[in-house]
Amino acid sequence: AGVASQGKQWYQRRVRGFVGGGVLSILFYDNIGYVHTVRGKSMAPTLNPGPTRALLRERVWLSKLPYTPHVGDIVVFRSPKHGCKLAMKRISAVAGQTIVPSKLVKSGGDPVIIKPGHVWVEADNRNTAGRDSNEYGQLHEKMIVGKVTWLLWPWQRIQDLRKTSPPDFRDNNQSEYENEAPLVADTS
């Protein structure tokens, strides 16, 4: 009876350890963060500057800790068009700022004032057909899943992404209107 009892206790300890580890993993994933795979070329050259085949895709740390969005942050959010899909873009403007959408800059489009509780997100790679605020407008902050903080893979490119800047899209062929008007202005 002693051997059977010891076997049962061993089994119960293992089950409790497995269940406890699972609960902790879920709590960590939901509240702290996780490793997220970068898909597509919309954030190149900052992320995925090379081939994007499955094994070559970059991996980033997605922090799910509460924070206040700032211009320049790279965020993962639920797509307003396809709620179950996640997208990754850079915040270009926050509440109280005015922005001329990048796809309208060349055509002289009207500025957009960002409403409270919203942000404007755009791709780093303007040559892709990535979906961003130019397509679906202002993004509610509640749609943001988390902030991308570190590039983790490939190991040769490990870096703190909180210190990156968006690419400079201005060139020498801009119109007079574009050179005078700021892309982002604070209205508060």
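Where does Pro154 lie? Pro154 is in the loop between S9 and strand S10 (159-160); strands here are DSSP runs of E with at least two residues, helices are runs of H or I with at least four, and both are numbered from the N terminus.

Before going on, the ground rules. This is a predicted model, in which local features need pLDDT of at least 70 and side-chain atom pairs count only at pLDDT 80 or more, while totals for chains, interfaces and linings use all residues. Residues are numbered from 1 along each chain as its sequence is written, and side-chain values use heavy atoms, with hydrogens and water left out.

Back to Pro154. The peptide bond to Pro154 from Trp153 is cis, with omega near 5 degrees. Most peptide bonds are trans. A cis bond also links Ala44 to Pro45, where omega is about 10 degrees. Pro45 sits in the loop between S1 and S2.

Thr46 is in the loop between strand S1 (33-37) and strand S2 (59-63). Is Thr46 buried or exposed? Thr46 is buried, because its relative accessible area is 12%, and buried means under 20%, exposed over 50%, partly exposed in between, using a 1.4 Å probe and protein chains only. Its side chain makes a polar contact with the side chain of Asp124 at 2.6 Å. A polar contact is a pair of N or O atoms within 3.5 Å; within protein, one must be able to donate a hydrogen and the other to accept it, and residues adjacent in sequence count only if both atoms are side-chain atoms. Beyond four places in sequence, the residues in contact with Thr46 (heavy atoms within 4.5 Å) include Glu58, Ile74, Arg90 and Arg157.

Ile74 brings us to the strands. In S9, Ile74 has Val148 as its bridge partner. Strand S3 (residues 74-78) pairs with strand S9 (residues 144-153) in the antiparallel sense over four bridges; pairing requires that DSSP finds at least two bridges between the strands. S3 also pairs with strand S4 (residues 86-94), again antiparallel, over five bridges. Arg78 stands opposite Leu86 in S4. Which part of S3 is covered? Four of its five residues are buried, so the strand is mostly covered.

Last, the helix. Leu24 belongs to helix H1 (residues 2-31). Leu24 counts as exposed because its relative accessibility is 60%.

That is the end of the tour.
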